[in-house]
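Visitor: I would like to learn how to read aromatic contacts in a protein model. Could you take me through them?

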Amino acid sequence: MTNLIERIGNTYDEVPYTSHAFRLSAPEHLASVAHLFGLDAPAIEHARVLELGCASGGNLIPFAIRHPQAQVVGIDLSPVQIEAGRRAVDAMGLQNVRLLQGNIADLDASLGTFDYIVCHGVYSWVPDEVREATLRICGALLSPDGIAYVSYNTYPGWKTKEVVRDAMLLRGGARASAGERLAYARGMIEFLHEMAPSDSLLAKVIENDLQTVREGADHYLAHEYLELCNAPCYFRDFVGAARAHGLDYLGEAAVAAMFASNYGNAAEPLRNECGGDQVALEQLIDFLCNRTFRQTLLVRAERADAIRYRLDGNRIAQLHIAGRYRSVDGDDTQWRYLDGEQTVRATTEPTLRTIAALNAAWPATVSVQALLDAQPEEADRVLGFVNALIVGNAVMFRREPVSATASTERPEARAEVRTLAGLADVPVALFNEWHNAVWPDTLQRFLLQRLDGQRDVTQLADAVVAAIGEGVLTLLRNDQQVDAADDIAASARALTASALHWIEANALLMPAGSAGTPPKVAKAPSKAKAEGTPAAKPKTAKSPKPAASADAKPAKPAKPAKPAKPAGRKSPARPK
């Protein structure tokens, strides 16, 4: 077994991940989910947080920066990733982060207890003894009111994906290098796609994963489809294993998937079949939607009786929510949620005012209580609308406010973000105030390093012009270099303004000192006639590209390809 674990560690040294933040695993979010379902959670400000399988710390470092009085510990099998994470921690001067290299199975009580334990992208991809150790550690080291997060691949969705994995391993698994293994594995899927009878079950199975295999980042495919271990399980079996270690099910980090009401005509039969058993309900839902991946929250078993899955208006009123929405084809009753795939139907004056208030506040939160106080005569309607947004996965929510600063005359980013933006030798992604990974382009990264609150927008544009003159940046239009001084100056001003807007919209600016102060509820954009509820799932429209762009020499790096529908562990949209 030790040899297998060493081989797994070697695969991560050979094909490391860019380690990054994942919003749904943030302790602030875990505490908010607990609150939603009737439980209190440990205070975030001084929390002790442990991540099992932390890679280079990209999912721990953002939390440590937001909460300097908290203590965070990460452990990972890969010495290469741990060393890279330590370089990032040292460069940012963080004193509350410890990154340890080692085997999860070797951990014991000497580490102390933790308020939040996170294990993302590990459980399904390690041997049995490490899976058992993961739950043992959660059971032994979780504080009395603590919350553990564990993600894993699930059946039934992975039943068909295993066919794809097996085919890839058959042709690529024994090859000498990671690059060769992946090339031969991809070739196998292309072969099956071309040769399988079009009306066969195999053709449908291959078609489901074809785009992921073709476009997925190499590191994702190597560790998802070609990893030495990949052991999906049924949700009910995972919960059973957790209960054996004194833990019980709290909920999913993505709470919308828990509600039968999101499954149309199946909702009533699902409820009738399960008789109030949440685990039984969700196991049936997994079959209904062919689920492949879960992010499950666990608490100590003695707290299970206090969990309430029927949402309580008083608790919702204590939340802070955020979202950004765009009207669909100019229809002020249909609003596309820009951080998901949902369309929200908002047709009454109170619901339209709620949408307007959230848009005005973004990327900061608005207090639900402030929304209710602003429209006391419509408080029930507003509360019902917020409830529908949460259930419909069309809003982000937190127990405490998330603050953000509008782009001022002298914009400022956190010092740690500025430092990380300038580090080229560490595989740790940038992050924002929502604990999301962000992927700035060359110009945005260049500007982030200079947002110290001392430069105004004109000075920042001048810095871009100077960098172009020095050959640090190259200004391109239609793939041709721009050389005229007047053209460079005008383009630099426009591109700087656009980049700063992107930085602001992605919550990368220093939070305001008056954290969480809600804005006034804005006037509704149109008259309303009926109640609003979440609706179907159109795709978000793409923004037009500027005519010219500034890129680093000698060439701008290609952005990793992402699967259109990432499923399973550590996709490019998930940390490691």
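Guide: Gladly! This is a predicted model. Let us start with burial: both Trp158 and Tyr225 are buried.

Visitor: What kind of aromatic pair do Trp158 and Tyr225 form?

Guide: The general idea is to check the angle between the ring planes: under 30 degrees counts as stacked, over 60 as edge-to-face, and the rest as tilted. Here Trp158 and Tyr225 are 6.0 Å apart centre to centre, with 40 degrees between the planes, so the pair is tilted.

Visitor: Which parts does that pair tie together?

Guide: Trp158 belongs to helix α6 (residues 157-172), while Tyr225 is in the loop between α9 (218-224) and α10 (235-243), so the pair joins parts that are 67 residues apart in sequence.

Visitor: How do I read the rings of Phe235 and Tyr249?

Guide: Use the angle again: their planes meet at 75 degrees and their centres are 5.0 Å apart, so this pair is edge-to-face. Because Phe235 lies in helix α10 and Tyr249 in strand β6 (residues 247-252), the pair ties together parts 14 residues apart in sequence.

Visitor: Are Phe235 and Tyr249 buried or exposed?

Guide: Phe235 is buried, with a relative accessible area of 0%, and Tyr249 is buried too, at 3%.

Visitor: Which residues do ring pairs link into a cluster?

Guide: Phe37, Phe259 and Tyr309 are linked in this way. The count for the model comes to 11 aromatic pairs.

Terms used:
Residues numbered from 1 in each chain as written. Predicted model: local features only at pLDDT ≥ 70, side-chain atom pairs only at ≥ 80, totals over all residues. Heavy atoms only, no water. Phe/Tyr/Trp six-rings, centres within 6.5 Å; stacked < 30°, edge-to-face > 60°. Helix = DSSP H or I, 4+ residues; strand = E, 2+ residues; numbered from the N terminus. Buried < 20%, exposed > 50% of the residue type's maximum accessible area, 1.4 Å probe, protein only.
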